[in-house]
Amino acid sequence: MGCCTSSQNPQPTYTQTQTTFSDAPTSPLLSSPPSPLHKVMSLDSRPRQHCYSFMSEGTEDLDTKSLSMIKVAEFCNGGTDYKYEDSYRGEMGRRPAKKSFFVVEKQNPPTKARRQKRKNDSKKTDPKAIVLSMMQIPLTCPFTLHSDAEKKAFSSLIMNLKHPYILPVFDVKFDLMSNNDSESSITNVNSPNSSSTMDILVARKLCERGSLRDEIYGVGDPQDSYITKYPPKTKGVPLHPKKIRNYGRQILEAMLALQKRGITCYNLSSSNVMVDWDEASKNYVAKISDIENSLLCKRPSSSLENLTLVHENRVDVDVLHFGHLLFEMALGHRLHKSTPCQSVLKNEYEGVNAEISEVLWMIFSPESIRDKNICIEDVIKTSLFKDIKVKEGNSKINLNHSAKKIIKVCMASIVNFRSHRLEQYEASLRGPPMLVDTSSSTLDSH
């Protein structure tokens, strides 16, 4: 296994979108490039004003926690179906200061329309436990979401991403501390003297088994804190090859359905894949979650971005992220290098079967260069996944014009950004490091 392996109250700081990079990589080779969109545009083509983000330094930000609790309690008590009690589960995630989680109970009985829909979907019960995840809109988002029309279009988009292997979204809310959605209320959010932020809250079913990473690490209670579930320098247990086949194919099917609608899963990870009970098959299935991260141009961790750069000239980025996920399922821990060791790629590593090694070799080995980039369909056609039966069902994703416009703007912004980073990396291989002026960039790490 070895070869692959302040006590005072924090003071808030204000970060201006176009000049500061709070999480930028330190290497000059991987510095953030100028934004592909010289002006960050809203969906109705109005230029966006300079945006300020209220952030507090330190990991234990009690003010942020209290503010999140107030916002969610206000949301639940505002005529919704959700019952708010002692619901805060902020430490479930890796960065509680940036993303908060709440587990609430769905209390109201389903309406006649919901009962009919449940019958049509062959579901016996509506989910009672709901996860509310709340985060600040990333500064990397290439549109403003200021107007009611923009918010409605984005909400409709992620709620209509319905597929057997995508975890559905029930509700989406924005700017929770505002009494209305007017343009003036948002202006206060952009003020450098305001302690409010533009937030997005997303409601989903609570999967009792937790995430795929919870299963790999044998987590007893997925609602425990991140540090309790995944202690430093510990490893999980590799999944059985049958589970790897089933989960992997299900994830690939969801990725392919999204790709056909122009959406690339730039934030795919074992933490963003949930393990949910499927009543029809009487078995657990894998479902991709948090797709809004990609649609808001929320960048993955800088370390993962840097690891995938080596291969991005021959493999699609989402396939590289799937390769990291497959490695984690097969070996029980994350891949902390750009390429697995040769014993894994050449089927010489104990516990990793030949079919898994074949897929990892195709994704990560420079020797597998082809005429075109390795894509999702190439991975599905491998012997590991091609014979796995998947649920067909009603997997068509219908999108209106506004949704297609959101996708086009987001994906173009991310593609241009990643292309620039790849150009920097390849230039560094040919000669001295190429320094890039980032003074006008709007891309920030989150």
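The protein chain folds into 14 helices and nine strands, where helices (H or I, at least four residues) and strands (E, at least two) are DSSP runs numbered from the N terminus. This is a predicted model, so local features need pLDDT of at least 70 and side-chain atom pairs count only at pLDDT 80 or more, while totals for chains, interfaces and linings use all residues. Residues are numbered from 1 along each chain as its sequence is written, and side-chain values use heavy atoms, with hydrogens and water left out.

Of the 446 residues in the chain, 52% count as buried; that label means under 20% relative accessible area, with exposed being over 50% and partly exposed in between (1.4 Å probe, protein chains only). The chain exposes about 21,200 Å², and carbon and sulfur atoms supply 50% of that (Shrake-Rupley method, 1.4 Å probe).

Now the sheet. Five strands make an open sheet in the order β3-β4-β5-β7-β6, with antiparallel pairing. Its edge strands are β3 (82-83) and β6 (169-174), each pairing on one side only. Two strands count as paired if DSSP finds at least two bridges between them.

| Strand pair | Bridges | A facing pair of residues |
|---|---|---|
| β4 and β5 | seven bridges | valine 103 and valine 131 |
| β5 and β7 | seven bridges | glutamine 136 and aspartate 199 |
| β6 and β7 | five bridges | valine 172 and valine 202 |

What about burial in β7? Six of the seven residues of this strand (199-205) are buried, so β7 is largely enclosed by the rest of the structure.

Helix α10 (residues 317-331) is also worth a look. Its 15 residues reach 21 Å from first C-alpha to last, close to the 21 Å expected at 1.5 Å a residue (the expected span is 1.5 Å times one less than the number of residues). Because 15 of the 15 residues of α10 are buried, the helix is largely enclosed by the rest of the structure. Just after α10, glycine 332 takes a positive phi of about 85 degrees.

Finally, the second largest cavity has a volume of about 90 Å³. A cavity is a set of points on a 1 Å grid over the protein atoms alone where a 1.4 Å probe fits but cannot get out, and lining residues have an atom within 4 Å of a point. The lining has 12 residues, with Cys297, Arg299, Glu305, Ile414 and Phe417 nearest the centre. Helix α14 (residues 401-430) gives the most, with four residues. By class, the lining holds six nonpolar, two polar and four charged residues.

Key: 1 Å grid on protein atoms, 1.4 Å probe; cavity = no way out; pocket = protein on both sides within 12 Å on 5 of 7 lines; lining within 4 Å. Points joined across faces, edges and corners; volume = space filled by probe spheres on them. Nonpolar A, V, L, I, M, F, W, Y, C, P; charged D, E, K, R; others polar.
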